[in-house]
Amino acid sequence: MKTVSIPDIIAGGIDDSYYPAANSAALVQNFRYDPVGGWRNDRGWEPLIPYATPTTFTAAQLADAQAPTRFLAVWTRHAGSEEYVLVERNGDLFYEFGNIGTAASRKMTLATGRHLPRSDESGTQLVPFGRFALLLNGHDEMLKFWGRKKINTFGFSQTHPAPVVLPVQVDYNLEQGFPGGTIQPGDDNATNNNLTGIALQFAADDYLGLGDPTGGSINSYSWRVSYVTDTGSEGPLSDPVGATWTLYTTANEPAAGIAVANNTKYGVVLTGLEPGPDGTVARNIYRTKNKKDGIEGSGDIYYFESRINDNSCSTYVSVIPDNQLVNEAPSLADSVPYSSSYKYGAAWNGSMWLGGGDVLPTQLRYSKAGLPEQFGAFDTFDVGVREGGAIKALVPYYNVLLVFREEAIDAVFRENGEYVCSTINSSIGTIGTESIRLIPGVGVMFLNKNGFYLLSGGFQGGASFSVNNVSAGINKEVSRVSVNALCRSTATYSNKEKEYWCHFPVDGATENTHGASFNTLTKEWSLRANTTTNSDYSWTFTKLATDSSGYILIGTLPNTPTVSDLFPGFGLQVWSARRSLGDSLVPVPAPQSTFTITPTAHGLDNCIWQSTWADYGDDSVKKRVLSVELESITEGNGTVELQWAADYSLDWKSAGFVPRQIGEYVNSTVTDPTYDSGSNIAIWNTSKWQDHKVTRYRWDVQTGLISQFAFRLITTNVIQVVKYQTNVIVGTVKTPNTNSPGAF
């Protein structure tokens, strides 16, 4: 037998296949890949807004804090000067601001009593569109959020009610007397007619006024009204209303010798103009030209007459003459009512796109360009004409709009000035709406019942789309996904961390119980979890998001009221270098039904990097493993344990604990300052700050004769696993197989 030092192997990510790459890991748990190289376990989470110490809750406040976060999104406006972290919990939509100032509360509630999503629903979606963001979930009314306190309803669920036109009374004041005035001399028989309509009169040569002033003329007009919102969008036109009047001639005067008010034009009063929903800023008035007797006059063509620039007054007087009406009204098909049943939205190519939902699961519709609330009657697609199931997400992707369906992916693009919708993959889709995330320069990653997929490519320059499975290294993990609760999955991408991170339910659970992270530099996977059972799972994250600085925000599901520790923490958390799993929060009952909570840092789970099984070229040749050497970038003190096992055994044996310092200097006067407590503690921005350094350390293993060997590093101290080497004595003679009892 001869001793062989296996060349250094770069530590890789997880590959749970039967024939993994030589540098792959069987398990990478609670490590992240550091851009400088190697796997580093220097992350945990903490409250985004620190808890007060102590914090006092009423029973109702405590119950609310224990409710799961069901929506989490980050929206920035004013070129990033304002950033909102929007949250939905227990039916409340709100955001919180860090600097409370003189306010009574840091919480700004925007809506209450909102729909609580089931395990087969993805919940609220946020769609940024210029100065506002759309919020929709398919159940509650769609909302426009403008920042600060301003939030109002989105879109048009109904047309403007038809206004009321007061009748034009042409025989009013035919007598020479005047209402409320005095009788003129010589008018002894003058009387005032009883007014039953409106008689706003204009002389025949006046600039204002409607109608033909010629005696005996028949005059007829119609009006429609529409709402205009703060996005510039115009709602559907109301039903038409009209007014008709006929002027007298000498032959049909009411009484002989009485002056008739010929050569007169009129103003027509419209009343009953209803204010629109919150967000309405104006009403548009449209009118026909004089239709006269319906034969000689103009037809039923409506023209823009005026805009009422408020949302309060209910009366309008139509006096603009026909020759001033130039711009035709939009057609009835240019804007139509639509419901709030759409569940998914996207802003793409200057339009707002809506799709899916319980009422119209395969319908996709788009607004007029630049008018996000104005949807035409025929500006729709029905993807249900092709197999693939219901719409589950709309994702802008460069020059196309991706339409994710249950079992397919469609794309909308422009061709010859028209929108075209076609299928780019007819067999792969997803219901995991919140797992779909754009990774710049890479593609769109998502989770479905068969694993993680990456969509890349495009239509430009002769390119084509490809959809490929990228979860081959964690097939055993993703094969456990709870398909019926896949809508609960959540993911985010952080350019700061260079990773796509997804949490998802497994083994029939309806809440997220496992997590996986894909590093975009190495294209490798690691797991964010612990090794305990689902019921004791520490990372109950219901929502993930990333802020504009690249920090990953976390919405949690604190333990149920039957558990005394509200772990992993209530309120939003942030992925950070704190290196604790949030806070332990133990409520202590106090008088008057209040609870006092004092937060303490929650200890870390073990961080594990575990090698795959190695046979060193031939598993039929016995060998002895003498030692394992690890090259690491490290700092601080403390120890790291190595455990080993042989021949696929689960009986892990400890090779001992090795300090994270160069052995010759440990505990000496020349040891670098460390993070650990003591007289030589590292202090930031001083000469006693410890630099990262490359450290090589060794564990003696001394196995017996074995065929397969594996090891794992277990620690809660910071370590960066870069590469490793094993020293092995390899035999030269193959050992014969021994039949198991009962074998032939």
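**Prolines, rings and a cavity: a first look**

Trainee: Where is proline 568 found?

Mentor: Look in the loop between β41 (552–556) and β42 (573–576); proline 568 is found there. Keep in mind that this is a predicted model.

Trainee: Okay, and which residue does a cis peptide bond join to proline 568?

Mentor: That would be phenylalanine 567, and omega for this cis bond is about 10°. Phenylalanine 567 also belongs to an aromatic cluster, together with Trp45, Trp501, Trp539, Phe541 and Trp575.

Trainee: What about the peptide bond from threonine 53 to proline 54, cis or trans?

Mentor: Cis, with omega near -10°. Proline 54 has its place in the loop between β6 (44–47) and β7 (55–58).

Trainee: Back to rings. How many aromatic pairs does a search of the whole structure find?

Mentor: The search finds 44 of them. Take tyrosine 221 and tryptophan 245: their ring centres are 5.8 Å apart with 20° between the planes, and the pair is stacked.

Trainee: Which parts does that pair tie together?

Mentor: Tyrosine 221 lies in strand β18 (residues 218–229) and tryptophan 245 in strand β19 (residues 241–246), so the pair links parts 24 residues apart in sequence.

Trainee: And are those two residues buried or exposed?

Mentor: Tyrosine 221 is buried, and tryptophan 245 is too.

Trainee: Now tyrosine 338 and phenylalanine 375. Why does that pair count as edge-to-face?

Mentor: Because the planes of tyrosine 338 and phenylalanine 375 are at 65°, and planes over 60 degrees apart count as edge-to-face. The ring centres of the two residues are 4.7 Å apart.

Trainee: Where do tyrosine 338 and phenylalanine 375 lie?

Mentor: Tyrosine 338 is in the loop between β23 (316–318) and β24 (344–348), while phenylalanine 375 is in strand β27 (residues 371–382), so this pair ties together parts that are 37 residues apart in sequence. Tyrosine 338 counts as buried at 6% relative accessibility, and phenylalanine 375 is buried with a relative accessible area of 0%.

Trainee: Changing topic: which lysine lies over the face of tryptophan 146?

Mentor: Lysine 150 does, at 4.7 Å from the ring centre. There is also lysine 496, whose charged end sits over the ring of tyrosine 551, 4.5 Å from its centre.

Trainee: Which residue has its place in the loop between β14 (143–147) and β15 (150–153)?

Mentor: Arginine 148. Its phi is positive, about 55°, although arginine 148 is not a glycine. With a relative accessible area of 54%, arginine 148 is exposed.

Trainee: How about arginine 114, buried or exposed?

Mentor: Arginine 114 counts as buried, at 6% relative accessibility. Its place is in the loop between β11 (107–111) and β12 (125–129).

Trainee: What is arginine 114 in contact with, leaving aside neighbours within four places in sequence?

Mentor: Its contacts are Glu88, Gly91, Leu93, Thr124, Asn137, Asp140, Glu141 and Leu143.

Trainee: Let's do alanine 346. Where is its place?

Mentor: In strand β24. Alanine 346 is buried, with a relative accessible area of 3%. Leaving out residues up to four places away in sequence, alanine 346 touches Val127, Ser351, Met352, Trp353, Leu394, Pro396 and Leu401.

Trainee: How many residues apart in sequence are alanine 346 and phenylalanine 129?

Mentor: They are 217 residues apart in sequence, yet 8.5 Å apart in space, C-alpha to C-alpha.

Trainee: Which residues line the largest cavity?

Mentor: The lining is Thr69, Arg70, Pro117, Glu121, Ser122, Gly123, Cys487, Arg488, Thr542 and Lys543. By class, that is 2 nonpolar, 4 polar and 4 charged residues.

Trainee: Which strands each supply at least two residues of that lining?

Mentor: β8 (69–77) and β40 (541–546) do.

Terms used: Residues numbered from 1 in each chain as written. Predicted model: local features only at pLDDT ≥ 70, side-chain atom pairs only at ≥ 80, totals over all residues. Heavy atoms only, no water. Phe/Tyr/Trp six-rings, centres within 6.5 Å; stacked < 30°, edge-to-face > 60°. Helix = DSSP H or I, 4+ residues; strand = E, 2+ residues; numbered from the N terminus. Buried < 20%, exposed > 50% of the residue type's maximum accessible area, 1.4 Å probe, protein only. Lys NZ or Arg CZ within 6 Å of the ring centre and 35° of its normal. 1 Å grid on protein atoms, 1.4 Å probe; cavity = no way out; pocket = protein on both sides within 12 Å on 5 of 7 lines; lining within 4 Å. Nonpolar A, V, L, I, M, F, W, Y, C, P; charged D, E, K, R; others polar. Contact = heavy atoms within 4.5 Å.
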